[in-house]
Amino acid sequence: AACNECHPLQAQQGVEHTNHPADSSGSRCMNCHMPHTTVGLLGAMRSHRIDSPNARVAEKTGRPDACSLCHLDKPLSETAATLTKWYGQPPLETIRYTVSEPSAALTWFLKGDAVQRGVIAWHMGWAPAQQASGSDWMAPFLAISLEDDYSAVRYISGVSLQSLPTYGDLNY
């Protein structure tokens with residue numbers, strides 16, 4: 001409601017603006033414009049930065065974009081192509097991979113700094129991201145991060161791992 005006060009056109013457009021089903025997490029303003037990108041209190045939380053998803057910014061800065069935080073299994077080029085199609089953003093000029101491009105989230109998770117690792121690990125335990133990306137592939141990556149150099153990343157990874165089917169009883 002707070003967003004709709006200043007953005008009545010987008011509110012009126014609804015699904016036409018979000019390109020997600022009305023009852024989905026992809027249609028909640030905060031999930032796209034204030035995603036969980038800050039690590040604190042042993043989890044990820046929303047910063048107070050209000051922004052629009054932008055794959056070019058994510059590629060340049062390494063700050064994960066909202067789309068990649070929900071669609072953890074998608075490469076950044078796919079996110080960029082979708083944002084170009086939906087919102088007219090300039091296309092992303094990325095390195096073309098010869099086999100297949102890795103998921104943006106997994107790249108940040110495996111190669112990024114502690115904040116990126118913690119943010120992605122937290123999203124692997126977030127129900128909307130699990131629904132959008134599937135969760136059957138996440139356990140091995142979360143297991144690797146149980147030995148991360150940073151205790152906060154280890155803790156967040158353990159909690160996310162426990163959120164996966166068959167890992168709820170994991171004592172970590």
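Select Cys 29 to begin: its sulfur lies 4.1 Å from the closest cysteine sulfur, in Cys 3, too far for a bond, since a disulfide is a pair of cysteine sulfur atoms within 2.5 Å. Cys 29 counts as partly exposed, at 31% relative accessibility (buried means under 20% relative accessible area, exposed over 50%, partly exposed in between, with a 1.4 Å probe and protein chains only).

The model is predicted: local features need pLDDT of at least 70 and side-chain atom pairs count only at pLDDT 80 or more, while totals for chains, interfaces and linings use all residues. Residues are numbered from 1 along each chain as its sequence is written, and side-chain values use heavy atoms, with hydrogens and water left out.

Next, select Cys 6. Its closest cysteine sulfur is also in Cys 3, 8.5 Å away and too far for a bond. Cys 6 counts as exposed, at 63% relative accessibility. The disulfide count comes to zero.

Proceed to Ser 145, in the loop between α11 (139–144) and α12 (151–162) (helices are DSSP runs of H or I, at least four residues, numbered from the N terminus). Is Ser 145 buried or exposed? Ser 145 is buried, with a relative accessible area of 6%. Now display Ser 157: a polar contact of 2.5 Å joins its side chain to that of Ser 145 (a pair of N or O atoms within 3.5 Å; within protein, one must be able to donate a hydrogen and the other to accept it, and residues adjacent in sequence count only if both atoms are side-chain atoms).

Finally, select Val 159 in helix α12. Val 159 is partly exposed, with a relative accessible area of 40%.

Methods:
Helices (H or I, at least four residues) and strands (E, at least two) are DSSP runs, numbered from the N terminus.
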